[in-house]
Amino acid sequence: MLRRRNKKYSKELKIKAVEEFLTVNGSQREICRKYEISSDKQLREWIKLYLSAILDLYDKRIVSYQIGAGNNNQLVFDTLDDAVKENPKAHPLFHSDRGYQYTSKLFYAKLEAVHMRQSMSRVGHCIDNGPMESFWGILKFEMYYLHKFTSADELVAAIEGYITFYNTRRYQRRLHRMTPMEFHYAIAV
């Protein structure tokens with residue numbers, strides 16, 4: 001009796017198939033046939049989504065966010081572009097971790113173009129990125145771990161719904177028992 005080996009797939013093929021599935025909304029069977037993937041289950045196992053968000057430290061609101069199929073520069077650039085579009089007169093200090101997207105010369109040039117300064121802690125000291133890490137923990141605890149998601153669309157809808165809830169209906173003690181948006185508008189007046 002011969003043991004059947006699992007087919008090996010290249011990283012490029014996996015990325016192409018998942019991106020096509022997420023953006024074109026083709027059927028799983030069509031994509032599996034096109035890329036010669038052995039099963040629908042295999043394609044679903046490859047699907048990973050990445051969330052990039054910008055948090056305002058003053059009022060704790062999520063200023064902008066993007067969800068994408070890859071953890072790449074474009075995801076971070078799109079998030080920054082959305083934040084600048086929503087708040088064109090703001091020139092804050094941009095705190096981040098030391099991920100390759102934030103340490104790239106392109107990202108630094110984008111920040112300089114919109115008159116922002118970047119702040120990063122030393123390796124092993126997450127002071128600058130601590131509030132964002134706290135938000136990721138809250139999101140996972142209050143939304144992600146409570147559900148079992150069966151599709152990427154379902155997960156995207158849940159993330160978008162949670163961020164709307166977080167900004168508009170989740171009261172925070174540090175904001176004098178107001179939501180981030182209530183605090184934002186109260187201070188703006």
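This is a predicted model: local features need pLDDT of at least 70, side-chain atom pairs count only at pLDDT 80 or more; totals for chains, interfaces and linings use all residues.
Mentor: Residues are numbered from 1 along each chain as its sequence is written, and side-chain values use heavy atoms, with hydrogens and water left out.

Trainee: What volume does the largest pocket have?

Mentor: A pocket is found on a 1 Å grid over the protein atoms alone, as an open set of points where a 1.4 Å probe fits, with protein on both sides within 12 Å along at least five of seven lines; lining residues have an atom within 4 Å of a point. The volume is the space filled by probe spheres set on the points, which are joined across faces, edges and corners. For the largest pocket this volume is about 820 Å³.

Trainee: Which residues are the closest to the centre of the largest pocket?

Mentor: The lining of this pocket has 23 nonpolar, nine polar and five charged residues. Of the 37 residues that line the largest pocket, the closest to its centre are Ala53, Ile54, Leu55, Phe94 and Met132.

Trainee: Which element gives the largest share of the lining of the second largest pocket?

Mentor: The second largest pocket holds about 710 Å³ of space and is lined by 25 residues. Helix H1 (11-24), E1, H7 and H8 each supply at least two of the lining residues. The largest share, four residues, comes from H8.

Trainee: How many salt bridges are counted?

Mentor: Side chains of opposite charge can pair when their charged atoms come close. A salt bridge here is a side-chain nitrogen of Lys or Arg within 4 Å of a carboxyl oxygen of Asp or Glu. By this rule the count is four.

Trainee: How many residues apart in sequence are the parts tied together by Glu142 and Arg170?

Mentor: Glu142 and Arg170 form a salt bridge, with their closest N and O atoms 2.9 Å apart. Glu142 lies in helix H7 and Arg170 in the loop between H8 and helix H9 (180-188), so the parts they tie together are 28 residues apart.

Technical notes:
Ala, Val, Leu, Ile, Met, Phe, Trp, Tyr, Cys and Pro count as nonpolar, Asp, Glu, Lys and Arg as charged, and the others, Gly among them, as polar.
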